[in-house]
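Here is a short report for a first look at this structure. The sequence and the model come next, and the notes follow.

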Amino acid sequence: ILPRIEEKTGTIIQLNSLFPDIPSFYTPIESDIIKACESLTKREASTVAFATEGSFLNQMGMETLILGPGSIDQAHQPNEFMALDQIKPMQKVIRGLIERFCLQLTEPKNEE
């Protein structure tokens with residue numbers, strides 16, 4: 001549509017980005033964090049097309065994924081909301097991740 005407006009009006013339209021690009025990131029599907037989240041949520045990981053800080057954490061060498069309760073369709077809207085029944089299941093997931101990655105850092109020692 002813009003080329004037609006330029007041609008019709010004799011105007012030169014220039015597009016400039018207001019913000020620098022946020023790079024995408026990648027964490028292998030076989031990674032521990034993704035496998036743990038899939039197990040805890042009973043859902044398969046997938047990709048999303050929106051910006052987060054995840055790419056910056058990923059660049060620092062962290063296995064990164066985006067996970068949370070609610071729906072992106074309701075997030076960052078004038079009347080943003082999250083159903084209350086989504087909180088307890090996410091608490092269970094977060095508790096499971098803490099147990100897996102913060103409390104079980106080493107293999108149990110075999111005490112014989």
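## Helix H2

In helix H2 (residues 32–41), the buried residues are Ile 33, Ile 34, Ala 36, Cys 37 and Glu 38. Buried means under 20% relative accessible area, exposed means over 50%, and partly exposed lies in between (1.4 Å probe, protein chains only). Helices are DSSP runs of H or I with at least four residues, numbered from the N terminus. Helix H4 (87–103) is part of what covers the buried residues of H2. After H2 comes Lys 42, with a positive phi near 60°.

## How the model was read

This is a predicted model: local features need pLDDT of at least 70, side-chain atom pairs count only at pLDDT 80 or more, and totals for chains, interfaces and linings use all residues. Residues are numbered from 1 along each chain as its sequence is written, and side-chain values use heavy atoms, with hydrogens and water left out.

## The nonpolar core

Which residues make up the largest nonpolar core? Ile 33, Ile 34, Ala 36, Cys 37, Met 90, Val 93 and Leu 97 do, seven residues in all. H2 and H4 each supply at least two residues of this core. H2 gives the most, with four residues. A nonpolar core is a set of buried Ala, Val, Leu, Ile, Met, Phe, Trp, Tyr and Cys residues joined through side-chain atoms within 4.5 Å. In soluble globular proteins, nonpolar side chains tend to be buried together.

Ile 34 also has contacts elsewhere. Leaving out residues up to four places away in sequence, Ile 34 touches Thr 27, Pro 28, Ile 29, Ala 45 and Leu 65. Contact means heavy atoms within 4.5 Å.

## Two salt bridges

How many salt bridges does the structure hold? There are two. A salt bridge is a side-chain nitrogen of Lys or Arg within 4 Å of a carboxyl oxygen of Asp or Glu.

One joins Asp 32 to Arg 100, with the closest N and O atoms 3.7 Å apart. This pair links distant parts of the chain: Asp 32 is in helix H2 and Arg 100 in helix H4, 68 residues apart. Asp 32 is partly exposed, at 46% relative accessible area. Arg 100 is partly exposed too, at 34%.

In the other, the side chains of Lys 35 and Glu 38 meet at 3.6 Å, N to O. Lys 35 and Glu 38 are three residues apart in helix H2, so about one helical turn separates them. Lys 35 is partly exposed, at 42% relative accessibility, whereas Glu 38 is buried, with a relative accessible area of 16%.
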